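Please have a look at the structure first, and then we can walk through it together.

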Amino acid sequence: MTDFIYSAPTKVVFGRGAEEHVGELARENGGTNVLVHFGGKSALASGLVGRICRSLENAGIKFETLGGVVPNPRLSKVEDGIAICREKEIDMVIAAGGGSVIDSAKAIAMGTRADRPVWDFYSGKAEPNRDCLPVGAVLTLAAAGSEMSSSSVITNEDGDIKRGCNNESYRPKFAVLNPELTMTLPSWQTFSGIADIIMHTMERFFTKSGDHSMLTDSIAFSLIRTVIASARILLKNPGDYDARAEIMWAGSLSHNDLTGMRSNGDWATHQLEHELSGMFDVTHGAGLTAIWPAWARYVFTSDISRFAELAGGVFGISGAGDRENAVSGIEAMESFFAEIGMPTRIRDLSRQEGVSLKWGDYVVAELARKASFDGKRTLGAVRKLERADMENIYRKAW
Ligand code: NZQ
Ligand code: ZN
């Protein structure tokens, strides 16, 4: 087993009505004047923002509100939030929403006390600012895992560039997880979220050969099997509380590094997807399922036994040789993605409302240029992908 440091400092309050605790959680973490940050309409329409504000009031905490975060959250909204935090002397940011709102809250928390543009931390121009406001999260969508993660992903409208930044300092101090809050989700978002949770676990699973841990692998298999079984329950009964609860907890554990205690993982599918959602504004989880089958078929010969282990651990596929088992495992995962209504090719992303895809050699070259940072970085662990490989995968995924 490789050496590691594990730290999951986020306090989790889980269950029905958990958002009633926001006031005391904010106070515990030193909040006296809070920015409550949310998205387009769902958190307002469900009354969640009102309940959070009441809980803060009851705890004697002042607050400001800022809504309007869109999926694939934009830099301009982050800059609005930073201006408010500075002007109103905010000392904590609480996100009420999915990954986009939480990521936007993290960026605001990092930018408020920074002496340079916040985008510098995402573009790699500067090391992340460690002097962040504390962040809290009230989750409404099980997907990105941002409620316990140290990452934030922001899109700069200037060039449609989507970039992630890792910073321990804005990992949420607390995460409020009430599965009931996910009941209002459209099915597309529920299942895109489920795909993202599985992908966070698979990305970490695909390490270089030899970097494995039996315990960590078993946790990963169990997590993916639980999510698949719960997804099948939700296909029949979207209102099943227990299935939503399993998925919500799995979402947090899939991205708080618990399933990554061996090495950094592969992450090529995520990086290739970020360029797609940056360019076409597709839903992140759906972008992942559109790319993963092509990625898997492109790289699996570089580590056939690892793919065979996944097939056995998740789908119980065994008996044939490793190569056949590996191929069957990829097919089984692809079929599951299709079963939950997710696209398994890029062209099928046009099923998403409001998405209009352009395709051709120029688009493929542009996606690979961005994903490879102009040819300056490779992606992946199973197989190192050069810019030409990235182009090939985008083409095969179409
Ligand atoms: O704006 P509202 O009206 O709230 O609608 C949102 C949004 O349109 C809606 N929604 C959320 N909760 C709802 C709801 N609608 C009804 N009822 C509810 N309870 O869902 C839509 C999508 O929300 P969004 O926050 O964008 O989804 P998700 O949680 O999947 O987050 C995606 C973002 O997270 C990034 C992705 O790249 C993407 O930008 N990621 C962040 C990571 C991290 N910080 O660790 C890791 C991930 O791999 C990912 O890259
Ligand atoms: Zn993801």
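Arginine 369 is partly exposed, with a relative accessible area of 27% (buried means under 20%, exposed over 50% and partly exposed in between, using a 1.4 Å probe and protein chains only). This is a predicted model, in which local features need pLDDT of at least 70 and side-chain atom pairs count only at pLDDT 80 or more, while totals for chains, interfaces and linings use all residues. Residues are numbered from 1 along each chain as its sequence is written, chains are lettered from A and ligands numbered from 1 in the order in which they are written, and side-chain values use heavy atoms, with hydrogens and water left out.

**Salt bridges**

- Side chains of opposite charge can pair when their charged atoms come close.
- A salt bridge here is a side-chain nitrogen of Lys or Arg within 4 Å of a carboxyl oxygen of Asp or Glu, and the count by this rule is 19.
- Arginine 369 pairs with aspartate 374 in one of these salt bridges, with the closest N and O atoms 2.9 Å apart.
- Arginine 16 and glutamate 180 form another salt bridge, and their closest N and O atoms are 3.1 Å apart.
- Arginine 16 sits in the loop between strand S1 (11–14) and helix H1 (22–28), and glutamate 180 in the loop between strand S8 (174–177) and helix H7 (187–205), so this pair ties together parts that are 164 residues apart in sequence.
- Helices (H or I, at least four residues) and strands (E, at least two) are DSSP runs, numbered from the N terminus.
- Arginine 16 is exposed at 54% relative accessible area, whereas glutamate 180 is partly exposed at 36%.
- Glutamate 391 and arginine 395 meet in a salt bridge of 3.4 Å, N to O.
- These two residues, glutamate 391 and arginine 395, are 4 residues apart in helix H15 (residues 387–397), a separation of about one helical turn.
- Arginine 395 is partly exposed, at 38% relative accessibility.
- A network of salt bridges links Glu168, Arg171, Arg204 and Asp257.

**Helix packing: H8 and H13**

- The axes of helix H8 (residues 214–236) and helix H13 (residues 322–339) come within 11 Å and cross at roughly 30°.
- That angle makes H8 roughly parallel to H13 (under 35 degrees counts as roughly parallel, over 145 as roughly antiparallel, 65 to 115 as roughly perpendicular and the rest as oblique).
- Axes are lines fitted to C-alpha atoms, for helices over the stretch in contact, and angles run from 0 to 180 degrees between N-to-C directions.
- Ile224, Ile228, Ala231, Arg232 and Leu235 of H8 make the contact with Met333, Phe336 and Glu339 of H13 (contact means heavy atoms within 4.5 Å).

**Helix packing: H7 and H9**

- The axes of H7 and helix H9 (residues 241–253) come within 10 Å and cross at roughly 45°, which makes H7 oblique to H9.
- Thr190, Ile194 and Ile197 of H7 contact Arg244, Ile247, Ala250 and Gly251 of H9.

**A loop residue: aspartate 160**

- Aspartate 160 lies in the loop between strand S6 (151–156) and strand S7 (161–166), where aspartate 160 is partly exposed at 35% relative accessible area.
- Leaving aside neighbours within four places in sequence, aspartate 160 is in contact with Thr155, Gly278, Met279 and Lys370.
- Aspartate 160 and leucine 276 are 116 residues apart in sequence and 9.9 Å apart in space, C-alpha to C-alpha.
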